[in-house]
Amino acid sequence: GGGLQCVDTAVVERCFIRGNTAQGIGGGVCCDGGVSVSDCMIASNSATLLGGGFVIQTGVVSVVQRCIVQANTTDGVGGGGYVRVNGVVLDSLVTANYAGDATVTNAGGLFLRRGGGATNCTVAGNTAAGGSGGVYLDDSEGTQPRLTACIVYSNEPSNYAWTQQIGHFIEYSCLSPESSLFNGTGNITDEPL
């Protein structure tokens, strides 16, 4: 964590986490072990490997909620955020982030894996050199990431991508293009206004 390293049920509320650099993971915040980051601005941070804005590390559920994750960068994977295990991003705006590694599966906005998820988030205007500009759903370890009630739009080179073709739990979300591999219901592809 370039700005903060939070462990063991730490609580971070109403903070500006801005302009930090990590020579590794979590440019702004690195969460490990039931951490809650709420009502924060996580902006203009950078990391060399994972999560320009934030990283959620372990199997205990950590939460990033009601945050603005903006203009963060990584030379690696997950410009806005990287959710490694069972983390949740709630009610947040993820915008104008960048991930630079074109040789791997990537996400400019959110990289979700191993049971990670996003609910009621807007992921827009993010960019990645490879993979997806918006959200990358990594189910390579057998646990489906979840996307619920999110808007994922106007990201480059695409809004979403995934590792395997076994289906993904995406419901009540607005994202394009539509896919027969979505396991959820209530999805729309119309451009949000």
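The legends below describe close-up views of one predicted model.

In this predicted model, local features need pLDDT of at least 70 and side-chain atom pairs count only at pLDDT 80 or more, while totals for chains, interfaces and linings use all residues. Residues are numbered from 1 along each chain as its sequence is written, and side-chain values use heavy atoms, with hydrogens and water left out.

**View 1**
Strands here are DSSP runs of E with at least two residues, just as helices are runs of H or I with at least four residues; both are numbered from the N terminus. Two strands pair if DSSP finds at least two bridges between them. Strands of a sheet pair through backbone hydrogen bonds, either parallel or antiparallel.

**View 1. T74 sits in strand 12**.
Strand 12 covers residues 73-74. Strand 8 (residues 46-47) pairs with strand 12 in the parallel sense, over two bridges. In this pairing A47 stands opposite T74. A polar atom of the T74 side chain also lies 2.9 Å from the backbone oxygen of A47. A polar contact is a pair of N or O atoms within 3.5 Å; within protein, one must be able to donate a hydrogen and the other to accept it, and residues adjacent in sequence count only if both atoms are side-chain atoms. Is T74 buried or exposed? T74 counts as buried because its relative accessibility is 2%. Buried means under 20% relative accessible area, exposed over 50%, and partly exposed in between (1.4 Å probe, protein chains only). Leaving out residues up to four places away in sequence, T74 touches several residues, including A47, L49, G79 and Y98. Contact means heavy atoms within 4.5 Å.

**View 2. Y82 and F111 form a stacked aromatic pair**.
Rings of Phe, Tyr and Trp (its six-membered ring) pair if their centres lie within 6.5 Å; planes under 30 degrees apart count as stacked, over 60 as edge-to-face and the rest as tilted. By this rule the count is three aromatic pairs. For Y82 and F111, the distance is 5.0 Å centre to centre, with 10° between the planes. Y82 belongs to strand 13 (residues 81-83) and F111 to strand 17 (residues 110-113), so the pair ties together parts that are 29 residues apart in sequence. Both Y82 and F111 are buried. Ring pairs link Y82, F111 and Y136 into a cluster.

**View 3. Strand 17 pairs with strand 13** **and with strand 21**.
Strand 13 and strand 17 run in the parallel sense over three bridges. Here V83 stands opposite L112. Strand 21 (residues 135-138) pairs with strand 17 over four bridges, again in the parallel sense. F111 faces Y136 across this pairing, as its opposite residue in strand 21. Which residues of strand 17 point one way, and which the other? L110 and L112 point one way, F111 and R113 the other, and all are buried.

**View 4. Y160 and W162 make a tilted pair**.
Their ring centres are 5.4 Å apart and their planes are at 40°, so the pair is tilted. Y160 counts as buried because its relative accessibility is 11%. W162 counts as buried too, at 12%.

**View 5. R146 lies over the face of F169**.
The distance from the ring centre is 4.0 Å. A charge sits over a ring if NZ of Lys or CZ of Arg is within 6 Å of the ring centre and within 35 degrees of the ring normal.

**View 6. Some backbone angles stand out.**
Most residues other than glycine have a negative phi, and most peptide bonds are trans. The bond from E156 to P157 is cis, with omega near 10°. P157 is in the loop between strand 23 (151-153) and strand 24 (160-162). Another cis peptide bond joins S176 and P177, with omega about 0°. P177 lies in the segment after strand 26 (174-175). N86 has a positive phi, near 55°. N86 is in the loop between strand 13 and strand 14 (88-90), and it counts as partly exposed at 27% relative accessibility. Y172 also has a positive phi, about 50°. Y172 is found in the loop between strand 25 (169-171) and strand 26, and it is exposed, with a relative accessible area of 51%.
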